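This briefing covers charge pairing, surface charge and backbone geometry in one protein model. Points are grouped by topic below.

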Amino acid sequence: MLSPGNQKPESHNDRLESLSQKLYSPNTPSVVNKKVRPLGTFQGSVPRAWQEEEVPEEVEYEAPQAKGKGAWVFFIIAFLFAAASFGFAWFYIVNKGDTASKVDISVTGPVSAPAGTPYPLEVSITNTNSFALELVDLVVQYPQGTKKSDVPDEDIGTYREGLGTIEPGQTVTRTITAVLFGESQQKQSILAEAVYRTPNSNAIFNKEKKVDVLIESGPIEFTLDTLSESIAGQETTLTLHIRSNTDAPITDMLVKAEFPQGFQFVSATPNTTYAENGWLIKVLEPRQSQTIKIKGIFSGESNTDRFIRFSAGVADQFDTTQISNIYASSLEKVSIVKPFLSADLIFKNGTVVEAGDVVKGTIAWQNNSGGPLTDVGIELDLTGTALNNKIISADKGFFRSSEHKIIWNKTTNPEFAKIDDGQSGVLDFELGVLDFADYAALTKNPEVNLDVSLSARRPSQTGVPEEIKSSVAQKIKVATELGFSAKSVYYIGPFVNTGPLPPMPETSTSYTVVWTLTNGSNDVSNAQVVGYLPPYMSWNNKYSPASDRVTYDETTRKITWNPGTIPAGTGYTRPSREVAFQVTLFPSTNQVGDVPMLVGNVSYGGRDTSTNEDMNMGFGGEITTRLTQDPSFVATMEKVGGE
């Protein structure tokens, strides 16, 4: 291509190369929009072959009438696009974005209802939008513990139903029936929700509404049968009656008791499900009752009040030992009072005795009724595996051996015909405890049980005599007999001993020491044996069994054996507990003729798990070179130097 005038024609190669670069350039639009100059007449000759030639200087020609035309076209296109986008957004906001305000959800149901009865809930969803609602779901969330009306033993939890498409102007209504549970006068909330989508959108919208329902009456009633007053230290029975008020069965109901401080739980019927205060009732049929009996002992000062709270409801889904929705609760008061006729058991030698002891006891009684009492009777009932029936006596009392009872009444004590208010007295008795040899192999944790029952008559407000009763109980526990023995040997045992016998001055001779533990009637925990090496002895760091815990402290020269728990019957009905260790004697010349001590200051002990008392006893024997329990030992071997 040639330029007009005196311009030199361009080379074909240059023109093609230039065009190629412009076509594949990132600025390709500049090529498309380049101003085109008009064609002119070519003056000159045409070469007959490809050759290098001068390229005339190019002069662009711009048509004045085309200036700015491309910019206006771009502006018009951009304006139309922005207008279209704004229109679409405005349409979406007005017609789609505000969908929720044009979706109406109404929830209709009774404002109150008895617990345990079917509760109907009517939910209506109306679409006032100009387009349809798609994939509509009705979701109703009920309080925990709500049951299905058609399956009374199954929780309804969250109800969900797919409604499909709701057209513009259409209303869809559903009625859901469930069985609510809760405490009387408790307000419960039900949440209904419409979840949906709009055409040509993946966004999820919702509209919700909440309704409150008052529980008119609880599904169950509590009735507690107990005395309004309880005597401290005396066993009391609490009887809880649980009655259903519903026409539907109540399932998986948790009943809990909150006992006051100072209340000792003894037993319950039926047995507890959780700890000592929780009962899970799987099914309570309509209008039926269930009874829970609790036995316990109140303690505390007289004229004080104790409170017990009972609660029942649905068990929490995350912690089944706790109640999440209470059906009923009750708070009961029990006053602690002195018994009208009180008694205390007093023991001169305490409540922990040794086997074979004689227990000396006293019953101290007193009239607290505020008036006279007649026909007073006191009985001491004696039982237990350690009781020696051959050693029982009572001052002014009669022992009825067939019933194991000591009896005091107006026949044995004329003053019991009538005692005045505030009058008191004492009754002495003695009883024997069996010797250890009589039960060691047969009985664990031997004890003597003493139960005192008191009875009398007093005039009532109507003038008619009424019988009053009270009781007190105590236990005498027998301490175990933890036994210990020790021996030294040379020719027997788990170790090979070396050195001369008799031992010689300034010459080493090794010995084996064996410690043995036995135990009687009660387990002993944290058992320990301790001994000390004299300065002429050395520790060989050998003991058997190797699994035992034996340590030696070089500073204090203390040997410690920690065997742990020594079961009852060890050494009697089961093998003794033993440990053996090796020590070395290196006598001095001034010990010639002596019988040296190998281990001294030996003591042993532990904790009696029945009496909860610590024992610490010293070993009265000696552990020396006198090897009396070694079958190969002769008396001439015991003294240093052979004398």
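Arg626 has a relative accessibility of 37%, so this residue counts as partly exposed. Its salt-bridge partner is Glu638, with the closest N and O atoms 3.0 Å apart. The model is predicted, and side-chain atom pairs count only at pLDDT 80 or more.

**Salt bridges**

- The count of salt bridges in this model comes to 14.
- Side chains of opposite charge can pair when their charged atoms come close.
- In the pair of Glu638 and Arg626, both residues lie in the segment after β39 (623-624), twelve residues apart, and the pair links distant parts of the chain.
- Glu638 is buried because its relative accessible area is 9%, which falls under the 20% cut-off.
- Arg174 and Glu161 form a salt bridge through their side chains, with an N to O distance of 2.7 Å.
- That pair also links distant parts of the chain: Arg174 belongs to strand β7 (residues 171-179) and Glu161 to strand β6 (residues 158-166), and 13 residues separate them.
- Arg174 has a relative accessible area of 30%, so Arg174 is partly exposed.
- Lys187 and Asp212 make a salt bridge in which the closest N and O atoms are 3.9 Å apart, under the limit of 4 Å.
- Because Lys187 sits in strand β8 (residues 187-197) and Asp212 in strand β9 (residues 204-215), this pair ties together parts that are 25 residues apart in sequence.
- Lys187 is exposed, at 59% relative accessibility, whereas Asp212 is partly exposed, at 32%.
- A network of salt bridges links Glu379, Arg400, Glu403 and Lys405.

**Negative patch on the surface**

- Which residues gather in a patch of negative charge on the surface? They are Glu354, Asp435, Asp438 and Glu481.
- Asp435, one of these residues, is placed in the loop between β27 (424-433) and β28 (447-459).
- Asp435 counts as partly exposed because its relative accessibility is 40%; membership of a patch requires over 30% and no salt bridge.

- Thr516 is part of strand β31 (residues 509-518).
- Is Thr516 buried or exposed? Its relative accessibility is 11%, so Thr516 counts as buried.
- The side chains of Thr516 and Glu578 are joined by a polar contact of 3.0 Å.

**Cis peptide bonds**

- The bond from Thr269 to Pro270 is a cis peptide bond, with omega near -5°.
- Pro270 lies in the loop between β14 (263-269) and β15 (278-284).
- Leu501 to Pro502 is also a cis peptide bond, with omega near 0°.
- Pro502 is located in the loop between β30 (483-489) and β31, the strand that holds Thr516.

**Positive phi at non-glycine residues**

- Asn445 is not a glycine, yet its phi is positive, at about 55°.
- Asn445 is partly exposed, as its relative accessible area is 30%.
- Arg557 likewise has a positive phi, of about 60°, although it is not a glycine.
- Arg557 is found in the loop between β34 (550-553) and β35 (558-566).
- With a relative accessible area of 23%, Arg557 is partly exposed.

How values were computed:
Residues are numbered from 1 along each chain as its sequence is written. This is a predicted model: local features need pLDDT of at least 70, side-chain atom pairs count only at pLDDT 80 or more; totals for chains, interfaces and linings use all residues. Side-chain values use heavy atoms; hydrogens and water are left out. Patches are made of residues with over 30% relative accessible area and no salt bridge: like charges are joined within 9 Å, nonpolar side chains (Val, Leu, Ile, Met, Phe, Trp, Tyr) within 5 Å. Accessible areas come from the Shrake-Rupley method with a 1.4 Å probe; for residues, only the protein chains shown count as cover. Lys and Arg count as positive and Asp and Glu as negative; His and the chain ends are not counted. The place of a charge is taken as NZ of Lys, CZ of Arg, CG of Asp or CD of Glu. Helices (H or I, at least four residues) and strands (E, at least two) are DSSP runs, numbered from the N terminus. Buried means under 20% relative accessible area, exposed over 50%, partly exposed in between (1.4 Å probe, protein chains only). A polar contact is a pair of N or O atoms within 3.5 Å; within protein, one must be able to donate a hydrogen and the other to accept it, and residues adjacent in sequence count only if both atoms are side-chain atoms.
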